[in-house]
Amino acid sequence: MKLVEQLRRKILLGTSNRQLMGNVQITFDQTGLHEAELRRYFREFSAPAASPPVMEPVCIMLFTNRSGSSLVSEHLRATGCFTGLGEPLNHPLVKERSEQEDLHSLPQYMDWVYRRMRREGAMYGFKASFDQAMMLVRAGVIPNYFRDVRWVMIQRNDILSQAVSFSIASQTKKWHSHRGEKLSEPQYNYEQIRQRVRTLSQAYAAMNSFCSVFGIDPYRVVYEEFSADPVAAATALAEHLGFTGARVDTTQLKMRKQRDDVNARFRERFIRDFRAAMASES
């Protein structure tokens, strides 16, 4: 539980949930912060094998922050074939909803979310970090409740650009292009970006390990390829998930790329600083 306690201390000190991990080593089977908090919160955590299962397929999208998952989700929803695709497993949200709806177990919460979001003719889906997905497996929600899971993995080839984007968003608090203005101007932080590169590298390794151990062959979405032609990419993904002939209603799209010259400048500066640091160590 050392990992959990380190993360808890950061929260108590006021660190954003999106800024966690620091120098902590990430493993695919770890008990993450969300699981630890929810095990303490709920009276019952696990889904019994006899639970009435969901008879329809659901989509679980494995992701890391700033991987492009929101862009993918928006395009899928714009086909009219998908519902949800948010982040229902973050522990503050789970607790808030459970208090409001008088829910007393993780399976009961998942059932409430599914029935609230389900729509006839559409597939329900949600995003999960690897440790949240591991939590659902450990709790028996998969496969006792969700029997037919269609797995999608969102990844970026350019982890450095993802780390830079993460660093900027964590400072400005502007996580989506259509949600408000920046709360502050970002400052270049070499150490923060370097640590984000390390953490993201470990998170991708953990996602792949999770899939390998449980025999999952996810549909892999590469952000750089998806963003080059998101309508065509979303159509192909929808077809893979069972919706042949799906079309993206572009009038429903609101997100825009947030990347600007600040991202490029920070990225170039980091490369210079990193190479200089390497040279000084040799």
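1. Contact here means heavy atoms within 4.5 Å. With that cut-off, helix H6 (residues 130-138) lies across E1, E3 and E4, and runs at about 120° to E3. The model is a predicted one.

2. The sheet is open and has five strands in the order E2-E3-E1-E4-E5, with parallel pairing. Strand E2 (82-86) and strand E5 (219-222) are the edge strands, each pairing on one side only. From one strand to the next the twist averages 20°.

3. Helix H3 lies across strand E1 (58-62), E2, strand E3 (123-128), E4 and E5. Its direction is at about 165° to E2.

4. The structure holds 13 salt bridges. One of them joins Arg138 to Glu35, with the closest N and O atoms 2.8 Å apart. Arg138 belongs to helix H6 and Glu35 to helix H2 (residues 33-41), so the pair links distant parts of the chain, 103 residues apart. Glu35 is buried, at a relative accessible area of 2%, whereas Arg138 counts as partly exposed because its relative accessibility is 29%. Arg39 also takes part: Glu35, Arg39 and Arg138 are linked in a network of salt bridges.

5. With a relative accessible area of 9%, Glu37 is buried; Lys95, at 22% relative accessibility, is partly exposed.

6. Which residue does Glu87 meet in a salt bridge? The partner is Lys127, at 3.5 Å from N to O. Glu87 sits in the loop between E2 and H4 and Lys127 in strand E3, and this pair, 40 residues apart, links distant parts of the chain. Lys127 counts as buried because its relative accessible area is 3%, and the cut-off for buried is under 20%. Glu87 counts as partly exposed at 21% relative accessibility.

How values were computed:
Residues are numbered from 1 along each chain as its sequence is written. This is a predicted model: local features need pLDDT of at least 70, side-chain atom pairs count only at pLDDT 80 or more; totals for chains, interfaces and linings use all residues. Side-chain values use heavy atoms; hydrogens and water are left out. Two strands pair if DSSP finds at least two bridges between them. Helices (H or I, at least four residues) and strands (E, at least two) are DSSP runs, numbered from the N terminus. Axes are lines fitted to C-alpha atoms, for helices over the stretch in contact, and angles run from 0 to 180 degrees between N-to-C directions. A salt bridge is a side-chain nitrogen of Lys or Arg within 4 Å of a carboxyl oxygen of Asp or Glu. Buried means under 20% relative accessible area, exposed over 50%, partly exposed in between (1.4 Å probe, protein chains only).
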